[in-house]
Amino acid sequence: MTGSDKTISSPVWLRQLGIPGFGPEAQLALAGAHVLVLGLGGVGCPAALYLAAAGVGRMTLVDGDLVEASNLNRQILYGCSDVGRPKVEAAAEALKKLNPQINLEVFRVQAGDEEIDRLVAGSGAVADCFDRNRHRLAVNRACLRFRKAAVHSYVQNFSGYVVFSPGDGGCLGCLVDESFPEQGDNPIIGVAAGQAGIISAAEIIRHLTGIGGPAGSRLIFFDLAFMEWTTRPVARDPLCPVCGRGESI
Ligand SMILES: [Zn+2]
């Protein structure tokens, strides 16, 4: 039995193989994929969890922090006994429990580390779950340079934005002034961070498998307090500081 046969015959994927338009090809695309998850906080935890659950074969996890008690309302890969442990270590353990076949690499480095450009270049798609604009824009720049699909997100209170960029076309930098205030340590409820993480994982799954449409850059806004969602395409801004002629941020 080949590796591909084993993937397809595993009962773990049984319920998703029957989705119209998905099938063995999509499952094998996920099994052969390599996703870089930058930041294992409130958005990165659910994004990584659902990517692992869907059958992504390889993930690189990046975070320099230790688990704190104040993380536990939203960072769902960790429990009380993980407080004080490096996030990458606790996250890898939780993901392996869910999917023992997954190939994981962990890097305990902070956002902004120059290593991150190299990791973007070596990945197939990027879940940017960092929470500072300067770090998101640095990832945005690296993703455009190496033509990698990426999702970026911003969350606050009960709401959030998720931007998908396939590696060309409109990017985070085209929007950052209008839609992405600085996040910092804003108040946040777990379901909002979870929603952004699940949308991020879904965008990456769609990109890797070619399921659904449209495929271009888009912005999704959600407000769970009012149960409102808005989606719109992201047009390329000629004055974007990242992909256009605008002043570099
Ligand atoms: Zn741009």
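Student: Okay, how do the axes of helix α6 and helix α7 cross?

Tutor: The axes of α6 (residues 115-122) and α7 (residues 133-145) cross at roughly 40° and come within 9 Å. That makes α6 oblique to α7, since angles under 35 degrees count as roughly parallel, over 145 as roughly antiparallel, 65 to 115 as roughly perpendicular and the rest as oblique. The axes are lines fitted to C-alpha atoms, for helices over the stretch in contact, and the angles run from 0 to 180 degrees between N-to-C directions. Helices (H or I, at least four residues) and strands (E, at least two) are DSSP runs, numbered from the N terminus.

Student: Before we go on, what kind of model is this?

Tutor: This is a predicted model, where local features need pLDDT of at least 70, side-chain atom pairs count only at pLDDT 80 or more, and totals for chains, interfaces and linings use all residues. Residues are numbered from 1 along each chain as its sequence is written.

Student: Got it. Back to α6 and α7: which residues meet there?

Tutor: From α6 you have I116, D117 and V120, and they meet V139, A142 and C143 in α7. Being in contact means that the C-beta atoms of two residues, placed from the backbone, lie within 7 Å. By class, this contact has five nonpolar, no polar and one charged residues. Here Ala, Val, Leu, Ile, Met, Phe, Trp, Tyr, Cys and Pro count as nonpolar, Asp, Glu, Lys and Arg as charged, and the others, Gly among them, as polar.

Student: Let's zoom out. How many helices and strands are there?

Tutor: The protein chain comes to nine helices and eight strands. Its C-alpha trace spans about 55 × 40 × 40 Å along the principal axes.

Student: And what is the radius of gyration?

Tutor: The chain has 17 Å, which agrees with the value near 18 Å that a compact globule of 249 residues would have. That's taken over C-alpha atoms, and the globule rule is 2.2 Å times the number of residues to the power 0.38.

Student: What share of the residues is buried?

Tutor: 45% of the 249 residues count as buried. A residue is buried if 20 or more other C-beta atoms lie within 10 Å of its own, exposed if 12 or fewer, and partly exposed in between, with C-beta atoms placed from the backbone. As for contacts with a separation of 6 or more, 66% of them are between residues 24 or more positions apart.

Student: New topic: why is α4 described as largely enclosed by the rest of the structure?

Tutor: Because ten of the eleven residues of α4 are buried. Among them are C45, P46, L49 and Y50.

Student: What do those buried residues pack against?

Tutor: They pack against α3, β1 (34-38), β2, α5 (87-98), β4 (125-128) and α9. With α9, the axes are 7 Å apart and the packing angle is about 40°. The two helices are therefore oblique to each other. On the α4 side the contact includes P46, Y50 and L51, and on the α9 side it includes G197, I204 and I205. The residues of that contact divide into ten nonpolar, four polar and no charged.

Student: At what angle do α3 and α9 cross?

Tutor: Their axes cross at roughly 110° and come within 9 Å. That makes α3 roughly perpendicular to α9. The contact is made by A26, A29 and L30 of α3 and I205, L208 and T209 of α9.

Student: Last one: where is T7, and what does T7 touch?

Tutor: T7 sits in helix α1. Not counting residues up to four places away in sequence, T7 touches Q27, L28 and A31. With 19 other C-beta atoms within 10 Å, T7 is partly exposed.
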